[in-house]
Amino acid sequence: MAPRPLLIAAAFAVAPLVGACGAAPLYPSDTAAACRAGVGEACLELGHALRAEHPMKARAFLTTGCDAGNVTACAQLGEMVLRGEGAPASRRHAAALLRQACTAA
């Protein structure tokens, strides 16, 4: 019995999804662990790497980095907030973040 064309087409349609499930993680787990431990530089690295593809995750990492006292994370977070990347723009919140970055610097 010859394979049916519809089943073959369905198998090819599912193949990319299966491959995507086995893809590499979005960020290294040791860097994420360092960020959770309060290393602001690790949070900045993750936020910067994820900014274009995953803005909400980037904002979360940059917020953690800013809270840990990383000046560059505060500045990048302020810029993201001002541009509305990952959430609605808020000039007041962006101004507070940028003020915090300038004060810390």
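**A buried arginine and a network of charged side chains**

In this predicted model, R59 sits in helix α4, which spans residues 55-67. This arginine is buried, yet no salt bridge involves R59. The nearest side chain of opposite charge belongs to E85, and that side chain is 8.2 Å away. Leaving aside residues up to four places away in sequence, R59 touches L77, M80, V81, E85, G86, A87, P88 and H93.

Side chains of opposite charge can pair when their charged atoms come close. Where does this happen here? A search of the whole structure finds three salt bridges. In one of them, R51 pairs with E79, with the closest N and O atoms 3.4 Å apart. This pair links distant parts of the chain, as R51 lies in the loop between α3 and α4 while E79 belongs to helix α5, 28 residues apart. R51 is buried, at 17% relative accessible area, whereas E79 is partly exposed at 32%.

R51 also meets E85 in a salt bridge, at 2.9 Å from N to O. E85 lies in the loop between α5 and α6, so this pair ties together parts that are 34 residues apart in sequence. With 22% relative accessibility, E85 counts as partly exposed.

R83 and E79 form a salt bridge too, at 3.2 Å from N to O. These two residues are four apart in helix α5, which means about one helical turn separates them. R83 is exposed, with a relative accessible area of 58%. Through shared partners, the salt bridges join R51, E79, R83 and E85 into one network.

Technical notes
Residues are numbered from 1 along each chain as its sequence is written. This is a predicted model: local features need pLDDT of at least 70, side-chain atom pairs count only at pLDDT 80 or more; totals for chains, interfaces and linings use all residues. Side-chain values use heavy atoms; hydrogens and water are left out. Buried means under 20% relative accessible area, exposed over 50%, partly exposed in between (1.4 Å probe, protein chains only). Lys and Arg count as positive and Asp and Glu as negative; His and the chain ends are not counted. A salt bridge is a side-chain nitrogen of Lys or Arg within 4 Å of a carboxyl oxygen of Asp or Glu. Contact means heavy atoms within 4.5 Å.
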